[in-house]
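Visitor: Hi! Could you walk me through this protein?
Guide: Happy to, let's have a look together.

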Amino acid sequence: MLGFSKRSQKKASKSPLEIFDQYEQGKPAHQNAVDALQGWNCAFPPELGLNAGKLPLYADDRIDWALRTFGSIEGKTVLEVGPLEGMHTYMLHSQRPERIDAIEANRLCFLRCLVTKQILNIDTASFMLGDIQAWLTEREEAYDFALASGVLYHMADPGEFLRMLAKRSNAVFIWTHFVLEDAMPEGDVRWLPFSGKVETKLIDGIAVRYYERSYHHANANASFCGGMKDRHFWMHRDDILMMLRAFGFSDITIRDEDLSHPGGPSFSLLARKAPSDT
């Protein structure tokens, strides 16, 4: 008797397939890489024949409008905040900028971005995992164009984020939800995720309203793509525009304002500094 325990004997009896289930044994294919990561939100271009998420963000008309309105980004530097799964990055890449710095804080989203980069050959982009506010604090260059779609309303300190983004960009596209009381009367179900607390915060001497909100455990899902903290804040529509103007964006164009959006009032905007200010 060698004295092996029943536990060790049972463990030794496992088949190779059970032990090495982290390996892909099928024919090499892009679908295998997609399937290796759970929680996809976005679809791939249909001609690729891949099964992932449902959102066709590879052809998002909001980004198409932003690029047409801004003008050519060919040869320009671009900052993308929260690339999600890289489909907006793909749209930016198609315009051949000099460089795209795409900063993603969600680990699973970041890994999905790397899969997207490989499949769609997005060679102008560098995807980096980490906090965008730390990135903006440490950088000195100002990007020609910045994109922050679906980001601002997830922030724990959205006003400070806008301040730092303004320092590091000459033009910015933003799609975001916001608070507007006239569009969300008392009893509107869209108020439910809010705590009812409203804080006033000074950002460079500007008083802005922060409306406290919670995800209510939605972050437990693999497809979660919200902010880094459960306690996050929405800004008032008027305060967003006031801050952008105060930080030098004198040319602001608003599109797709949707006060009845089921997630809360929203709009797209493209904000630009005057050439003399860049």
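Visitor: Is tryptophan 234 buried or exposed?
Guide: Tryptophan 234 is buried, with a relative accessible area of 1%. Buried means under 20% relative accessible area, exposed means over 50%, and partly exposed is in between, using a 1.4 Å probe and protein chains only. A word on the model: it is predicted, so local features need pLDDT of at least 70 and side-chain atom pairs count only at pLDDT 80 or more, while totals for chains, interfaces and linings use all residues. Residues are numbered from 1 along each chain as its sequence is written, and side-chain values use heavy atoms, with hydrogens and water left out.

Visitor: How many aromatic pairs are there?
Guide: The count comes to 9 aromatic pairs. The rule takes rings of Phe, Tyr and Trp (its six-membered ring) with centres within 6.5 Å; planes under 30 degrees apart are stacked, over 60 edge-to-face, and the rest tilted. In one of the pairs, tyrosine 153 and tryptophan 175 have ring centres 5.9 Å apart and planes at 80°, so this pair is edge-to-face.

Visitor: Where do tyrosine 153 and tryptophan 175 lie?
Guide: Tyrosine 153 is in the loop between β4 (145-149) and α8 (158-167), and tryptophan 175 is in strand β5 (residues 171-177), so the pair ties together parts that are 22 residues apart in sequence. Helices (H or I, at least four residues) and strands (E, at least two) are DSSP runs, numbered from the N terminus. Tyrosine 153 counts as buried at 12% relative accessibility, and tryptophan 175 counts as buried at 11%.

Visitor: And what does tryptophan 234 pair with?
Guide: Tryptophan 234 forms an edge-to-face pair with phenylalanine 194, 5.1 Å centre to centre with 90° between the planes. Phenylalanine 194 sits in strand β6 (residues 194-203) and tryptophan 234 in strand β8 (residues 232-235), so this pair ties together parts that are 40 residues apart in sequence. Ring pairs link Tyr153, Trp175, Trp191, Phe194 and Trp234 into a cluster.

Visitor: What lies over the face of phenylalanine 194?
Guide: That is arginine 213, at 5.3 Å from the ring centre. A charge sits over a ring if NZ of Lys or CZ of Arg is within 6 Å of the ring centre and within 35 degrees of the ring normal. Over the face of phenylalanine 249 lies lysine 273, at 5.3 Å from the ring centre.

Visitor: New topic! In which order do the 7 strands of the open sheet run?
Guide: The order is β3-β2-β1-β4-β5-β10-β9, with mixed pairing. Two strands pair if DSSP finds at least two bridges between them. At the edges stand β3 (125-129) and β9 (251-258), each with a single partner strand, so one side of each is left without a neighbour in the sheet.

Visitor: How do β5 and β10 pair?
Guide: β5 and strand β10 (residues 266-272) pair in the antiparallel sense over 7 bridges. Threonine 176 stands opposite phenylalanine 267 in β10.

Visitor: What about α8, how many of its residues are buried?
Guide: In α8, 9 of the 10 residues are buried, so this helix is largely enclosed by the rest of the structure. Among them are Pro158, Phe161 and Leu165.

Visitor: And how many helices and strands are there in the protein chain?
Guide: The protein chain has 9 helices and 10 strands. Of its 278 residues, 48% count as buried.
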